[in-house]
Amino acid sequence: MADTARDPPPEQTDFQELEDGEDLFPEPAAAPEQSGPASLPAEDVSTNSNGPKQDSLFDDDPEDLFAEATEEVSLDSPERDVLLSDGPSPAITPITPPTSVITPRIGHAHDDMFTHSSFDEIEEEEGGDSFDIHIAVSDPEKVGDGMNAYMAYKVTTKTSLSVFKQGEFSVKRRFSDFLGLHSKLASKYLHVGYIVPPAPEKSIVGMTKVKVGKEDQSSNEFVEKRRSALERYLMRTVKHPVLLKDPDVLQFLESSELPRAVSTQALSSAGLLRMVNKAADAVNKMTIKMNESDAWFEEKQQQFENLDIQLRKLHASVESLVCHRKELSVNTALFAKSAAMLGNSEDHTALSRALSQLAEVEEKIDQLHQDQANADFYLFSELLGDYVRLITAVKGVFDHRMKTWQKWQDSQMLLQKKREAEAKLQFTNKPDKLQQAKDEIKELEGKVQQGERDFEQISKTIRKEVSRFEKERVKDFKSVIIKYLESLVQTQQQLIKYWEAFLPEAKAIS
Amino acid sequence: HLPHSTHTLGTRSVSVDLNNDASLLIDIPDALCERDKVKFTVHTKTTLSAFQKPEFSVPRQHEDFIWLHDTLVETEDYAGLIIPPAPPKPDFESPREKMHKLGEGEATMTKEEYNKMKQELEAEYLAVFKKTVQVHEIFLQRLSSHAILSKDRNFQIFLEYDQDLSVRRKNAKEMFGGFFKNMVKTADEVIISGIKEVDDFFEQEKTFLLDYYSKIKDSTAKAEKMTRSHKNVADDYIHISATLNTLSADDSTFYLRLYKVEGRVASDQELKLTELLRYYMRDIQAAKDLLYRRARALADYEHSNKALDKARLKSKDVPQAEEHQQQCLQKFDKLSESGKRELTSFKGRRVVAFRKNLIEMAELEIKHAKNNVTLLQGCIDLLKSN
């Protein structure tokens, strides 16, 4: 493992961090400090730029898994300060090499993982309907007052999986905890090709209303929307066989106290930096031209582009549907009132009665429309929103692959240059310099190899992830659409009931 | 660019008991739409000797109907009758505007989506078209089934005259100058409620009609809004189905059909409920117009009384004043008598029409909902079995 001690050039490190960043802390000073091997107690607490630690003791998949699980942001990562202030998840300790980070929890996982010979097997065990974990987010409770107030949610986990200490347990979490969890997962896994489910979006407006204590329908709706989104987020995260075993995830679900994630504040400097970096990111993406040797990737990328467009379109249409359905409900209610007035005004008794009945039916129907609009929204529209964000994560993962490739290419070019320089040095009489050149070349050769391995690894991971994603998507959509259709059926059956009750009233007019 | 002609529309939706008298049967079997001008083919079958032929057809435009209506309104002899409300002008504005928007948005839609939207719009055009034919037809049938109005000379001309009526229309305008029509309509409420009513029947009718009119006007507007919202929902389903189609093969099929049913619910609702309310709103306005005319006649009579008293006091022009007073009284009595008849039968007609339409609407709602359940359940089963 020693030979993997590398000095990632500070710029490169930062560059990597920037790309991965959901939350970045401007810590340019940190990088150069820790870049020398001497300051790294163990080089495997390497930066993200080193990729997964398959170069450590183990060299195949299960070990990857394990390595992923414990790989944490390194000392020279800008995240360090954040995480240290968050309180460590076991894997955070920068001192310990991954292989020895075996906490009681990981111990369980450790056993499981080493008895499996492949990632795929683990996947199969967790996947499908035998997947036994259910998370509920409930009981939103306002804590505190004024602008410092926040909503606390109860997170209840029910499971029979052995990676957990108990079968059923609850904790209280606030929104920034979820964001903190996501940022940790993103920093660990995105750059190696795992599709990390994005966290629900922040909403300054929505939250302000709640903080300020506006107890109206729109703020209640906001809280419910958020609660539901948080639940879906957690379920999606634990459905991922790798993420499920991550100590941060386990801590999030199980531990009663969680240090507050600081860098997720909406308008913090970190937030601003993030925005700037994302912009820089976009520019960088455009300049990488990769020689795609693998048609699969090109194809998939195109597919995801198309999927993105279609999903956004669909999302927009469904949002329009929700809006129109709500309008329909309002207009039906107005009509019902008007029909009631008309019935009162009608001097023919039986007709008057029938009109009043009509008004009542329409009033009930208005309620139906409202309920249906909610179903439209919570079932359908929110799912689509989730997937639009997920696709962004998928696209991000493809981008990371490109960057990994770029890095490998850069190392290769640098190696080439060094070789040329060395060749030149051969003719001069500078044995020290020559030796230095030879040392550098050796180091670079290792780097190039690592780069190639990283690239292959991320490509491999992405293939798996994409296939898992597609399966999940189909399942997800299917199950939601079935639920949605069932809600529509219910509405229609209610309509039948109402109109069948009205019919004799209409017939009774004489 | 647009449909064309339509054949008989089946049951007349908003009015009943029309076209039963075989001595004069009228219908509009055909109509043509060119740009916005609709040409109606008015078809008459009659056993009455007043007509030259037993069966004949003439082409008529909307303006001809208005001319006919106005001449009837302005005929003094008919002051005591409820003149059937004039059919509203054919209004293709809404579907036309939508078609325009669709054309603009064509680039953003898939071919399938565009075609579906276009289909829906064409159906909407057709529905507007059918509606306008229906409403013109009912107008004529109300006339033909009225004991007095069916004998009107202008009505006969309208049915029979095989030349263009536009010349007559212009002349008529000059002759009458839209006398009654130009009277301050808004003032009629004041006048109606202002007179001292001696007759209980009319007192009740007045109260009822004034109140009912404002209520039904409100209901009509709200029903229209409700129906429009329903159409919007149906349109959304078109877009959703098209996009789902692009995404995956199975899911879309139900949406493809659901939008159709939702759309149909919207248009059936339109026909039954909204049209019913709209029609009777106009009819009630016509009834109010009758009350107004009677009120004016009463006012005239009261004036003539005063004038007679004055004349007697001054002992000047008494016979004229007496005659005038007699005329006014006669007119007023005639109006009251026929008015009573008209208003009573109007109520009966209204109740029957409401009953028929409410029943039909409820039945359609049930039918659509049942279809929807079958459709949806089929899709659910299909999805679950995969």
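Two residues are counted as in contact where heavy atoms lie within 4.5 Å. On this basis, 76% of the contacts in chain B between residues at least 6 apart in sequence join residues at least 24 apart. The model is a predicted one. The secondary structure of chain B consists of three strands and ten helices, and their order along the sequence is β-β-β-α-α-α-α-α-α-α-α-α-α. Chain B has 386 residues, of which 53% are buried. Its accessible surface amounts to about 18400 Å², and carbon and sulfur atoms account for 53% of that surface.

The contact between the two chains involves 50 residues from chain A and 58 residues from chain B. The size of an interface is often expressed as the accessible area lost when the parts come together. Between chain A and chain B the buried area is about 4900 Å², with 71% contributed by carbon and sulfur atoms. On the side of chain A, the residues that lose the most area to chain B are A:Phe335, A:Leu342 and A:Trp499, together 12% of what that side buries.

Five salt bridges are found across the interface of chain A and chain B. A salt bridge joins A:Glu500 to B:Lys370, with the closest N and O atoms 3.4 Å apart. Helices H13 (295-345), H14 (349-426) and H15 (431-507) of chain A each give two or more residues to the side that touches chain B. H13(A) supplies the largest share, 22 residues. By class, this side of chain A comprises 28 nonpolar, twelve polar and ten charged residues.

Key. Residues numbered from 1 in each chain as written. Chains lettered and ligands numbered in written order. Predicted model: local features only at pLDDT ≥ 70, side-chain atom pairs only at ≥ 80, totals over all residues. Heavy atoms only, no water. Helix = DSSP H or I, 4+ residues; strand = E, 2+ residues; numbered from the N terminus. Buried < 20%, exposed > 50% of the residue type's maximum accessible area, 1.4 Å probe, protein only. Areas by Shrake-Rupley, 256 points an atom, 1.4 Å probe, with all protein chains shown as cover. Buried area = accessible area lost by both parts, 1.4 Å probe. Salt bridge = Lys/Arg side-chain N within 4 Å of Asp/Glu carboxyl O. Nonpolar A, V, L, I, M, F, W, Y, C, P; charged D, E, K, R; others polar.
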